[in-house]
Amino acid sequence: MIEPDNNYLAGCGFLGELTCEGTRDVGLVWSEALGWPLVWDQNEETAIQSPHAGTKVAWGGPPVAPKQERNRQRFDLAPAGGYQQAEVERLLSLGATRLEVGDDGTVVLADPYGNEFCVRRN
């Protein structure tokens, strides 16, 4: 329940929050990866949001259930300027892990919790 004086969802659109599995460290990696500021960082829970407002992306913190299978939903990133390899290297330096390269050249990575995401060619 969200209390009447809670402003957590202020500035959000129709979909207020996308909740993800992972710890505070995962939220910090995504904050850096997307260049979105932390808008919530409390009790091992984090949330980020575009500087232009919109939906928050949040990580609930521990306890986190062990990841059992691939995600049904994932982020697809399209690097600005078409510099896919440079973006992949930057994300790896932030803590991502390379999983595979698809037939279309899409690079599949995982965040520190193991959530898959793609870096596409433009």
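Predicted model: local features only at pLDDT ≥ 70, side-chain atom pairs only at ≥ 80, totals over all residues.

Residues are numbered from 1 along each chain as its sequence is written, and side-chain values use heavy atoms, with hydrogens and water left out.

Reader: Is Glu87 buried or exposed?
Author: Glu87 belongs to helix H2, residues 84-94, where helices (H or I, at least four residues) and strands (E, at least two) are DSSP runs numbered from the N terminus. Buried means under 20% relative accessible area, exposed over 50%, and partly exposed in between (1.4 Å probe, protein chains only). Because its relative accessibility is 18%, Glu87 counts as buried.

Reader: Leaving aside neighbours within four places in sequence, which residues is Glu87 in contact with?
Author: Contact means heavy atoms within 4.5 Å. With neighbours within four places in sequence left aside, the residues in contact with Glu87 are Ala33, Pro79 and Val119.

Reader: Which residue stands opposite Cys118 in S8?
Author: Two strands pair if DSSP finds at least two bridges between them, and S5 and S8, which run parallel, are joined by three. On S8, Glu116 and Cys118 are buried on one side, as are Phe117 and Val119 on the other. Opposite Cys118 stands Asp76.

Reader: Which residue in the turn between S7 and S8 has a positive phi?
Author: Strand S7 (residues 107-110) runs antiparallel to S8, with four bridges joining them, and Ala110 stands opposite Glu116. The two strands form a hairpin with five residues between them, and the turn residue with a positive phi, of about 105°, is Gly114.
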